[in-house]
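Q: I am new to this structure and would like to learn how to read it. Can we go through it feature by feature?

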Amino acid sequence: MKKKVGLITYHASHNIGSMLQTYALQSVLIEEFDCDVEIINFSSKEQRNMYSLFPRVTSLNVLIKNVINFFSYPLLKSRFNDFELFIERYFSLTISSYDSTSQLYELDNKYDVLICGSDQIWNVNCTDFDEAYFLPFSSKTKKVSYAPSLGGRNILNSDVDLEKYKNYLENFNFLSVREKNGKKWLDELTGKDFEIVADPTILVNRDVWEKIVSPREFDFDYIFFYGVPFSSETYAIVKKISKELNLPVIMLDAKSWIYKGNFLKGIKLSKHSSPNDYLSLIKYSKLVITTSFHGSIFSTVFNKNFWAVTYKDTNPDDDRIATLLSQLKLSERLIYLEEYKKYDLLEDVDYSDFEKNINDFKDKSFKFLADSIG
């Protein structure tokens, strides 16, 4: 009989990495472990507000952005719809939707296994963090954490009730995290030994992604620039790189494109913003420059030339990309953006040993899932 698995993660955030890791873990559980998977359709009120077109006004900055959003409504609404359509098309969701932890108690004993993860679901400092991702609503079901991230913030130094989270973790049957720092902090908090496992997007083969890649949008060579919203200085450096390499820059994030005035700087915006389009923009790019964990992963999936960039004054606790590239044996592709002139940015990545380098890591992660699912 198939194991019935309930999966809770940031599936509903309009964040491409969040959605693709959800899709990957759902695929692995179905295809590799023959599970009957439901994604618990949970999205907190904070998360829904965070990704809404008109967030509630809490500051002058939000008010200004809402005014801009009003005048940019057709463009932003189409991007909003891209994400919602991906959720509807690719995720197997619970019939009911939930926006508070208290509502989730009705799910106790519905599944054989509850899995939380991956993504930054345990970053207690995230705006859209919720205790639901520590599975407090179930006392009768096996609990598993698969590769959750604490982001770049040490939970031990956060203004939260550490004893409460320690008690939540005591009730898990199998525990893993995604990064070295996350393991170090949670080992210290709980006295347990957390296993480090691969992000779900690493576990699936390239053909899984090829099946959902959108057709090529741009018929010329380009730099795909992707990551969190940046300072004006960052865009200025990327424009310098664009000029030096004689390659135009393509962006996906419409809000950053508008708010930062990048439409005035010659940076082009993709027509769509779904995860399918994101995969296409990476696959057909000449070069990827990214600050994103998943931007780095998918660059390697499609064997692209890429650079993961950061700044010297970046939070040293944030080891997400450093851990990832170390696991992939590609640590040299993480550079300081202010030192970009030291590098040949069109230097090819050596992928000759890539599969061999990650197979042991993937095998270890599959074993963790096999043991935890039972």
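Q: Is helix H13 (residues 320–327) mostly covered or mostly open, and how many of its residues are buried?
A: A residue is called buried when its relative accessible area is under 20%. In this predicted model, six of the eight residues of H13 are buried, and the helix is mostly covered. The buried ones are Arg320, Ile321, Thr323, Leu324, Leu325 and Gln327.

Q: Why is helix H11 described as largely enclosed?
A: The count of buried residues decides it. Eight of the nine residues of H11 (residues 275–283) are buried, so the rest of the structure largely encloses this helix. Those buried residues are Pro275, Asn276, Asp277, Tyr278, Leu279, Ser280, Leu281 and Ile282.

Q: Which residue with a positive phi follows H13?
A: That is lysine 329, with phi near 60°. Lysine 329 sits in the loop that runs from H13 to strand S13 (334–336). Asparagine 109 is also not a glycine, and its phi is positive at about 75°. Its place is the loop between strand S3 (93–98) and S4.

Q: Where is there a cis peptide bond?
A: Look at omega, the angle about the peptide bond. Between glycine 117 and serine 118 omega is about 5°, and the bond is cis. Serine 118 belongs to the loop between strand S4 (113–116) and strand S5 (142–145).

Q: How many salt bridges are there?
A: A salt bridge here needs a side-chain nitrogen of Lys or Arg within 4 Å of a carboxyl oxygen of Asp or Glu. The count is 17. One of them joins the side chains of lysine 2 and aspartate 34, at 3.6 Å from N to O. Lysine 2 is in the segment before strand S1 (4–8) and aspartate 34 is in the loop between helix H1 (16–31) and strand S2 (36–42), so this pair ties together parts 32 residues apart in sequence.

Q: Which strands does the salt bridge of lysine 4 and aspartate 36 tie together?
A: The N to O distance for this pair is 3.6 Å. Lysine 4 lies in S1 and aspartate 36 in S2, so the bridge links parts that are 32 residues apart in sequence. Lysine 4 is partly exposed at 22% relative accessibility, and aspartate 36 is partly exposed at 35%.

Q: What is the distance between the closest N and O atoms of lysine 164 and glutamate 131?
A: They are 2.3 Å apart, and the two residues form a salt bridge. Lysine 164 is in helix H5 (residues 162–170), while glutamate 131 is in the loop between S4 and S5, so the pair ties together parts 33 residues apart in sequence. Salt bridges can also share partners: Arg178, Glu179 and Asp199 are joined into one network in this way.

Q: Which residues gather in a patch of negative charge?
A: Glu332, Asp344, Glu347, Asp348 and Asp350 form such a patch on the surface. Aspartate 348 is in the loop between S13 and helix H14 (354–373). Its relative accessibility is 60%, so it counts as exposed.

Q: What is glutamate 195 in contact with, beyond its neighbours within four places in sequence?
A: Its contacts are Leu175, Ser176, Val177, Lys364 and Phe368. Glutamate 195 is found in strand S7 (residues 195–196) and counts as partly exposed, at 29% relative accessibility. From glutamate 195 to valine 238 there are 43 residues in sequence and 37 Å in space, C-alpha to C-alpha.

Methods. Residues are numbered from 1 along each chain as its sequence is written. This is a predicted model: local features need pLDDT of at least 70, side-chain atom pairs count only at pLDDT 80 or more; totals for chains, interfaces and linings use all residues. Side-chain values use heavy atoms; hydrogens and water are left out. Buried means under 20% relative accessible area, exposed over 50%, partly exposed in between (1.4 Å probe, protein chains only). Helices (H or I, at least four residues) and strands (E, at least two) are DSSP runs, numbered from the N terminus. Contact means heavy atoms within 4.5 Å. Patches are made of residues with over 30% relative accessible area and no salt bridge: like charges are joined within 9 Å, nonpolar side chains (Val, Leu, Ile, Met, Phe, Trp, Tyr) within 5 Å. Accessible areas come from the Shrake-Rupley method with a 1.4 Å probe; for residues, only the protein chains shown count as cover. Lys and Arg count as positive and Asp and Glu as negative; His and the chain ends are not counted. The place of a charge is taken as NZ of Lys, CZ of Arg, CG of Asp or CD of Glu.
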